[in-house]
Amino acid sequence: MKIGAVMATWTTNVQQRIKRWQPRLFWQYSLVFLVVIVTTLVLFEVKSFIGDAKVSLVYLLIVLCCAAVAHPGVTLFCGLWSFLCYDFFLVPPVFDFRFASPIQVLDPLAFLVVAVVTGAIAERSRQHADEKIAYQKADQLRATLLNLVSHNLRTPLSTIKAVLTSLLTQNNIDAESKQLLVYADQEVDHLNRLIANVLQLSRLEASVFQINKRWDVLDELIGTVLSRWPEEAADGTLSANLAETPALVLFDFELIEAVLTNLIDNAFRHGQPPVKVAVSAHPDEIWVSVEDAGAGIPVKDRARLFDKFFNVKSKGIGLGLAVCKGLVEAHGGRIWAEFAPAYTRFTFTLPLVAGAAFEE
Amino acid sequence: MVQLLVVDDEPHFRNTLLKALKGQGYRAIGIPNADLLTSTLVIQRSDVVLLDLTFDSGMNGLEACERLRQWSSVPVLVISVSSDEATKVQALSVGADDYLVKPFGILELSARIQAIQRRLMPRYSAQNPLVQVRDLTVNLHTQSVTLCGEAIDLTRKEYKLLEMLAVAQGELVTYQMLMDRIWPRETYEKDKGSAIRSLVKRLRQKLNEDLSHPNYILTQSGMGFRLNMNPRP
């Protein structure tokens with residue numbers, strides 16, 4: 001019984017070995033063996049013409065070429081085989097593995113070291129290239145998938161929004177039903193922003209993320225964002241203090257627009273109105289803050305506020321702040337939250353760089 | 001009655017939109033892909049085309065718009081789920097007149113259609129060089145601007161900007177259009193967006209605009225600006 005089991009293991013082992021047997025590697029070893037031996041014989045003939053130093057260079061060249069194209073094991077074999085051939089045929093005493101002086105060990109030793117080091121480097125860079133291709137493929141897949149998802153989610157949302165806003169314009173609806181429709185419409189907008197955040201976050205994590213920083217007018221950006229809450233801006237529950245804004249700041253309009261939209265959206269959803277946006281100038285950065293009059297976030301939750309999928313009220317997925325953090329950090333800025341009994345304030349910074357330039 | 005043509009491959013959305021538009025007092029018909037656009041327009045006169053950008057089969061919206069522009073100047077309003085600046089700029093550069101990101105409210109769509117209609121109506125001919133929006137009056141003949149009856153002093157570029165917005169009558173004025181008129185000798189680069197925004201900022205200051213709820217100039221993210229033609233501020 002016992003012998004049978006051992007035999008079985010042995011057979012599977014052998015079978016595995018046969019499976020792993022790579023004909024390409026066998027040819028690489030044979031080729032290296034032949035190249036080194038032929039080179040050695042040629043060098044043995046012409047050694048007196050070209051001198052010792054040049055001879056060892058020829059071996060180094062072979063080892064290097066081998067490292068560039070062959071398997072690391074083959075490179076090591078090439079180094080070792082060169083070492084032996086060189087020592088046996090070309091180092092006096094000839095046809096003997098002994099050395100006349102310890103200095104002569106240096107040359108063949110160099111082949112070995114070069115073989116080991118270059119083999120390792122080549123292998124690492126090959127792995128790196130493989131990984132890069134794999135990453136690119138994954139990124140492409142992710143981008144395709146996300147576009148698909150965002151398109152497929154937004155299309156039904158578009159239909160729902162068209163229905164709701166169409167019903168809202170009809171006169172024969174009572175006030176209570178109208179209010180319900182308004183809530184539904186607001187939730188459609190919220191869902192749409194969530195989709196935008198998911199997309200933004202996945203773009204941030206993909207290696208293809210691009211940021212287009214330009215000299216731009218921060219006031220205009222804040223105005224654009226505030227115009228998304230026209231009623232709140234009109235009745236004063238949303239206001240902005242832009243007195244300290246410098247003429248031009250270097251940022252990506254689209255991305256900072258997303259940051260500010262998220263912060264104001266959060267302030268309305270999780271805080272208390274009025275919501276105030278303020279810009280303040282500091283020596284080497286611009287601070288943009290969004291403040292609401294809410295009591296803030298429970299102490300235990302504050303540390304994880306900017307984490308992905310973390311949400312204070314655990315309704316929906318808390319992506320907004322994670323997106324803000326990613327986008328602000330991509331600009332070289334910082335983002336943080338301050339809490340007081342009477343207000344909650346989120347502030348992000350944009351670095352001030354010298355050199356605003358455009359002609360009028 | 002204004003006649004609309006909706007080009008969208010999603011049947012639920014298309015039918016809902018057609019019903020909603022009819023509820024707003026428009027006449028509208030729908031087709032499921034952009035390949036049918038030319039043949040439909042030949043048979044059926046349309047005042048505005050509402051064009052989606054992505055279709056399951058056949059031409060995409062951008063191609064369709066580009067081809068349409070070779071023989072027709074019918075206004076095209078793009079309706080698409082893509083909200084990125086690059087797509088907007090591309091759509092406007094192949095000849096679309098305006099761009100609305102899905103999902104949108106029916107009133108906003110209606111406002112955009114009206115803006116396109118207003119521009120096409122020859123109301124502001126040589127007999128009437130005045131464009132009046134609430135307290136703001138732009139005299140296209142004397143090139144002067146008054147706010148609440150008082151003349152305001154504008155630089156040449158600021159006036160040109162305001163004039164373009166006034167003539168467009170609430171329709172979108174794109175960055176490209178502004179570039180062509182205000183900086184005619186320079187080629188358009190993305191960076192010019194900031195120069196235009198700086199100019200708009202200065203014009204706003206002269207019009208005493210409050211940025212939190214702008215009275216006259218509305219920013220259209222990634223696309224350009226339009227004049228707020230609403231009779232009430």
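This is a predicted model: local features need pLDDT of at least 70, side-chain atom pairs count only at pLDDT 80 or more; totals for chains, interfaces and linings use all residues.

Biologist: Good to know. How many helices and strands are there in chain B?
Modeller: Chain B has eight helices and 12 strands. Of its 233 residues, 41% are buried.

Biologist: And what share of its contacts with a separation of 6 or more links residues 24 or more positions apart?
Modeller: That share is 57% in chain B.

Biologist: Now the interface. How many residues of chain B are in contact with chain A?
Modeller: On the chain B side, 34 residues are in contact with 38 residues of chain A. The elements of chain B giving two or more residues to that side are α1 (11-23), α5 (106-120), α8 (192-206) and β11 (217-220).

Biologist: Which of them gives the largest share?
Modeller: That's α8(B), with seven residues. By class, the side of chain B touching chain A has 13 nonpolar, 14 polar and seven charged residues.

Biologist: Switching topic: how do α3 and α5 of chain A cross?
Modeller: The axes of α3 (residues 52-69) and α5 (residues 106-168) of chain A come within 9 Å and cross at roughly 15 degrees. Angles under 35 degrees count as roughly parallel, so α3(A) is roughly parallel to α5(A). Their crossing is right-handed.

Biologist: Nice. Which residues meet there?
Modeller: Among them are A:Tyr59, A:Leu60 and A:Val63 from α3(A), and A:Phe111, A:Val114 and A:Asp107 from α5(A). By class, this contact of α3(A) with α5(A) has 11 nonpolar, three polar and one charged residues.

Key:
Residues are numbered from 1 along each chain as its sequence is written. Chains are lettered from A and ligands numbered from 1 in the order in which they are written. Two residues are in contact if their C-beta atoms, placed from the backbone, lie within 7 Å. Helices (H or I, at least four residues) and strands (E, at least two) are DSSP runs, numbered from the N terminus. Ala, Val, Leu, Ile, Met, Phe, Trp, Tyr, Cys and Pro count as nonpolar, Asp, Glu, Lys and Arg as charged, and the others, Gly among them, as polar. Axes are lines fitted to C-alpha atoms, for helices over the stretch in contact, and angles run from 0 to 180 degrees between N-to-C directions. Angles under 35 degrees count as roughly parallel, over 145 as roughly antiparallel, 65 to 115 as roughly perpendicular and the rest as oblique. A crossing is left-handed if the near helix is turned anticlockwise from the far one by less than a right angle, and right-handed if clockwise. A residue is buried if 20 or more other C-beta atoms lie within 10 Å of its own, exposed if 12 or fewer, and partly exposed in between; C-beta atoms are placed from the backbone.
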